[in-house]
Amino acid sequence: MSQVNVKLTSAELAGLWTQYMNDSMAAAFLSHCLQNCKDKEIKPVIEFAYDLSRSHLKDIREFLKKDGYPIPIGFTKNDVYLDAPLYSQIY
């Protein structure tokens with residue numbers, strides 16, 4: 001049986017692009033939270049969420065590269081001021 005390579009549909013491409021933007025924003029936000037988190041109980045949850053977002057970004061880049069699509073820029077470290085104070089540690 002021969003293998004057929006089917007390119008991403010426009011809906012799939014839009015979904016991946018949107019998810020990339022969402023995960024890049026989440027990773028940027030969570031990097032700030034990790035830098036400023038003082039609560040030892042919540043920090044592992046933030047680390048898990050950060051790692052998950054980074055993993056999604058890697059997977060999406062691979063999907064897009066495989067079909068020859070450009071990689072979105074998304075949010076980067078340049079979009080986050082890590083030393084900005086949080087309103088409250090309750091958040």
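I began with helix 2, which has 24 residues and reaches 35 Å from its first C-alpha to its last, close to the 34 Å expected at 1.5 Å a residue; the expected span is 1.5 Å times one less than the number of residues, and helices are DSSP runs (H or I, at least four residues) numbered from the N terminus. I noted that this is a predicted model, in which local features need pLDDT of at least 70 and side-chain atom pairs count only at pLDDT 80 or more, while totals for chains, interfaces and linings use all residues. Residues are numbered from 1 along each chain as its sequence is written, and side-chain values use heavy atoms, with hydrogens and water left out.

Next I looked up burial (under 20% relative accessible area, 1.4 Å probe, protein chains only). In helix 2 the buried residues are Ile46, Ser53, Leu57, Ile60 and Leu64, and they pack against helix 1. In helix 1 the buried residues include Leu16, Tyr20, Ala27 and Leu30, and the buried residues of helix 1 pack against helix 2.

For tyrosine 20, leaving aside neighbours within four places in sequence, I found contacts (heavy atoms within 4.5 Å) with Leu57, Ile60, Arg61, Ile71, Pro72, Ile73 and Gly74.

Conventions. Buried < 20%, exposed > 50% of the residue type's maximum accessible area, 1.4 Å probe, protein only. Helix = DSSP H or I, 4+ residues; strand = E, 2+ residues; numbered from the N terminus.
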